[in-house]
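Here is a short report on how one protein model is packed. Look at the structure first, then read on.

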Amino acid sequence: MTCADVPLDNEPMSTVLVVDDEPIVRDVVVRYLEQEGFRTLQAGDGETARSLLEQETPSLVVLDLMLPGSDGLALCRWIRARSELPVIMVTALGEESDRLAGLQIGADDYLTKPFSPRELVARVKAVLRRATPDAAKAELIETGDLVIDSGRREAHKRGRPLGLTALEFDLLWFFAGNPNRVFTRDHLMQQVWGYTSALDTGTVTVHIRRLRAKMEDDPSRPRHLETVWGSGYRFRP
């Protein structure tokens, strides 16, 4: 375990757990994160990572899918069964099916190898911003049987918490704030994820499916989050 000397922008220091079986990749990622003021933890396999997660309280996990022993998908599933801890997956370029599987079980974002360490740091910051409540900007949207609280970053349906991840919450907040408008996948990537992808990776589709599973009475016949065939998605209040 290592740590940087000064927190970023005088904010409380966030801890990032970097899980990768390649020491060179871990060292590069850790160095860039610490230069930006993050505290870091390291693990080269799933078992070590799980042990660290039981002892420590990181703010985010950077998780390689291809690990010896318990792989990244199993670890992501274990994390999501216990908490909404943000997870950024790292995958090899050709592992699209594994990437989609990771998103389906709860990963917040992903990068493909080889990647820019600077881009990874930017993704880490973006995910942590989404995961951090901002009481100064607290707003409430009440629509039908949904109550969405931006200050607490929580959503309830008929008084029941939906248990959304940070990205799922941002996606719902964006839709609820723009009711009855149709948004393409590219527009959602730009507005919610904060970047666009040259390839249709299925990221938006997977997150829409996850959000429907949590907020709709019948996800196969959604009442609120509709698919507009050939165009995109629309939120009905």
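In this predicted model, the largest nonpolar core has 26 residues. Leu-171, Leu-172, Phe-175, Leu-188 and Trp-193 have the most contacts inside this core. H6 gives the most to the core, with seven residues. In general, nonpolar side chains of soluble globular proteins tend to be buried together.

The elements below each supply at least two residues of this core.

| Element | Residues |
|---|---|
| Strand E8 | 146-149 |
| Helix H6 | 166-177 |
| Helix H7 | 185-193 |
| Helix H8 | 203-215 |
| Strand E13 | 232-235 |

Take Leu-171. Leaving aside neighbours within four places in sequence, Leu-171 is in contact with Leu-188, Val-192, Trp-193, His-207, Ile-208 and Leu-211. Another core, of 23 residues, lies apart from the largest one. Leu-17, Ala-43, Leu-53 and Val-87 are among its residues.

Now the helix pair. The axes of H6 and H8 come within 10 Å and cross at roughly 80°. That angle falls between 65 and 115 degrees, so H6 is roughly perpendicular to H8. On the H6 side, the contact is made by Leu-167, Glu-168, Leu-171, Leu-172 and Phe-175. H8 brings His-207, Ile-208, Arg-210, Leu-211, Lys-214 and Met-215. By class, the contact has seven nonpolar, one polar and three charged residues.

Next, the sheet. Four strands form an open sheet in the order E7-E8-E9-E10, with antiparallel pairing. E7 (140-143) and E10 (160-161) are the edge strands, and each pairs on one side only. E8 pairs with E9 (residues 154-157) over four bridges. Val-147 stands opposite His-156 in E9. H6 lies across E7, E8 and E9, running at about 110° to E8.

Key
Residues numbered from 1 in each chain as written. Predicted model: local features only at pLDDT ≥ 70, side-chain atom pairs only at ≥ 80, totals over all residues. Heavy atoms only, no water. Axes fitted to C-alpha atoms, helices over the stretch in contact; angles between N-to-C directions. Parallel < 35°, antiparallel > 145°, perpendicular 65-115°, else oblique. Contact = heavy atoms within 4.5 Å. Nonpolar A, V, L, I, M, F, W, Y, C, P; charged D, E, K, R; others polar. Core = buried A, V, L, I, M, F, W, Y, C linked by side-chain atoms within 4.5 Å. Buried < 20%, exposed > 50% of the residue type's maximum accessible area, 1.4 Å probe, protein only. Pairing = 2+ DSSP bridges.
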